Each structure stands twice: as structure tokens, then as C-alpha cells.
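Here is a brief structural report.

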Amino acid sequence: MAAEIRLFPCLSDNFGYLIHDPASKATASIDAPEAAPVIKALQREGWHLTDILVTHHHADHVGGIAELKQKYDCRVVAPHDKAAAIPLVDERVKEGDTVMVGTLSARVLETPGHTLDHVSYVFDSERALFAADTLFSVGCGRVFEGTYPMMWDSLKKLRALPDDTRLYCGHEYTAANVKFALTIEPNNPALKARAAEVARLRAENKPTIPTLIGDEKRSNVFLRADDADVAAALHMKGMTAADVFGELRERKNKS
Ligand SMILES: [Zn+2]
């Protein structure tokens, strides 16, 4: 039976996510930005929280764990990096591990760069990727703890997923990402189409998520740092993809 996925806003621009397994009635929250909207979404659906799958240690992804754990006695699954301050962890995961949510199976991909502990969860049978702050629609996370080559490798790992994989990311940053991407690739038809779609969705106060990995491969300049046209647009012909990626990221930081 196919999983049911719900997304809802948390804090100022985070997404909260629930993935529910109708067969076992298990429900996981992907991260826990804050407890109240997660509880509200659970109550609306009549679901019981069994698991929290944590992507990384930032406060806007773990702030609701304590309250949810107390209310539901759910399992907390978090990245292996024990140095990261994630509260109440029951289980640590690393690259290649499988996490079960009832009968649903998620694969753990280590995607460091934004933080060193960052992991993404892929539900292969559902074609669903929860990439938190590694890959955004038409953008990517800031590189706080890792290096540009490290973050570029993480993005390539996500880019390699099937085109029909739905991307569920950590923040509603798409409109700002589109604005920046157009400064690099004003003539990219996929980006222009995405820009129109995002403008329409935001005008209707609708989320721009999920998107498809196949669409991101065409519209997201951060996934194409190894494309000769992108290097040329930055006057970086012949430079490494990691260098091109780093330049893109620095320009975005300043935008
Ligand atoms: Zn973060």
C-alpha cells in the first residue's frame, strides 16, 4: 500500500513532513522543527507518531523532539555523528543503513556539507526523498560545516536518484532561489518554466514542494556545476565542478 505524505509549514519557513504507512499505521515525522504543527497534523489525520527521522542537528530541525517524544514515546533516529547535539536519540544511522517505518523502508544517504552530520532519507518504493537542507528546489543549503567539494559530492548523490523521485526539502526558499538562478541562467527554459510555476503557486499561497529530481536536474543550477555552459556563464571554463559549485554558492550567499 502506498505511503501517505503530508507537508505543512513550521516556524517561519521550515516544512514539517509526516509519512504514514497505511498497512501498519506507523507514522514518521521527518525532523521536528517544532511540536505544535506536527501534533496538529497528526490529530487532523488521526495518526499516531511512531518515529522521528532526524536529518541534522540544527535547532530548526530538532526543536520539537523533546515534546513529541514525551507525548508519543516515539523512536528518534538520527545521524551517526555523536558530536552533534540531537536530543533523546534512540538509534544512530549511517550511509547505507535502512530505517523501517512500519512496512516502509527508508535508505540513509550521508549528505554532508551543510553540516557534517547531515543525512537524507530515501523511500525508494515511494520515490520520495527527504533532503532537508542539502538540496532545495532550484537551490541548495549553505555550506556551514563542510567543504564545497563535500557538498558537491552530496548533491551528485541526490542527483543520481531516479528522475521521478519527489524532492521534499527543509525550507520554502524556492522563490528566492529562482531569483538568484535567473541571474546565472537567464535563458534556461526549464528554469523560466519553473519561475512561472513558482510565481503562480506563491500567489496562491501554496507550497512549491514537492518537485521532481528530473525537473531539478534541468532547472537547478547547483546540480549542474559540472555543466560546461554553467562554467562558461561564470567565466570558469576548465575549472573543476567543485570550484564552479563553490563560486555559485558564494554568489548566492551574497545575493
Ligand atoms: Zn540546517
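## Two packed helices

How are α4 and α9 oriented to each other? They are roughly perpendicular (angles of 65 to 115 degrees count as such; under 35 is roughly parallel, over 145 roughly antiparallel, the rest oblique). Helix α4 spans residues 148-159 and helix α9 residues 241-254; they pack at an angle of about 100°, with their axes 9 Å apart. Axes are lines fitted to C-alpha atoms, for helices over the stretch in contact, and angles run from 0 to 180 degrees between N-to-C directions.

From α4, the contact uses Tyr 148, Pro 149 and Trp 152. From α9, Ala 241, Ala 242, Phe 245, Gly 246 and Arg 249 take part. Contact here requires C-beta atoms, placed from the backbone, within 7 Å. By class, six residues are nonpolar, one is polar and one is charged. Ala, Val, Leu, Ile, Met, Phe, Trp, Tyr, Cys and Pro count as nonpolar, Asp, Glu, Lys and Arg as charged, and the others, Gly among them, as polar.

## Model and conventions

This is a predicted model: local features need pLDDT of at least 70, side-chain atom pairs count only at pLDDT 80 or more, and totals for chains, interfaces and linings use all residues. Residues are numbered from 1 along each chain as its sequence is written. Helices (H or I, at least four residues) and strands (E, at least two) are DSSP runs, numbered from the N terminus.

## The buried side of α3

Helix α3 covers residues 65-72, and Ile 65, Leu 68 and Lys 69 in it are buried. Buried means 20 or more other C-beta atoms within 10 Å of the residue's own; exposed means 12 or fewer, and partly exposed lies in between, with C-beta atoms placed from the backbone. The three cover an arc of only 100° around the axis, so they sit on the same side of α3. That arc is taken from the directions from the helix axis to the C-beta atoms. Their cover includes β3 (27-30), α1 (35-45), β4 (51-53), α2 (59-62) and β5 (75-79). Just after α3, Asp 73 has a positive phi of about 50°.

Ile 52 lies in strand β4. Ile 52 is buried, with 26 other C-beta atoms within 10 Å. Beyond four places in sequence, Ile 52 touches Ala 28, Ser 29, Ala 32, Ile 65, Leu 68, Cys 74, Val 76 and Val 77. The C-alpha atoms of Ile 52 and Lys 69 are 8.7 Å apart, with the residues 17 apart along the chain.

## The six-stranded sheet

An open, mixed sheet runs in the order β7-β8-β9-β10-β13-β14. Strands β7 (98-101) and β14 (211-212) stand at the edges with a single partner each, so one side of each has no neighbour in the sheet. Pairing requires at least two DSSP bridges between two strands.

β7 and β8 run antiparallel, joined by four bridges. Met 100 faces Ser 105 in β8. Two residues separate these strands in a hairpin, and Gly 102 in the turn has a positive phi of about 60°. Strand β8 (residues 104-110) has five of its seven residues buried, so it is largely enclosed by the rest of the structure. β8 also pairs with β9 (residues 119-123), antiparallel, over four bridges. Glu 110 stands opposite Val 119 there. By contrast, β10 (residues 128-132) and β13 (residues 166-169) pair in the parallel sense over four bridges. Ala 132 has Cys 169 as its bridge partner in β13.

Definitions and conventions: Contact = placed C-beta atoms within 7 Å.
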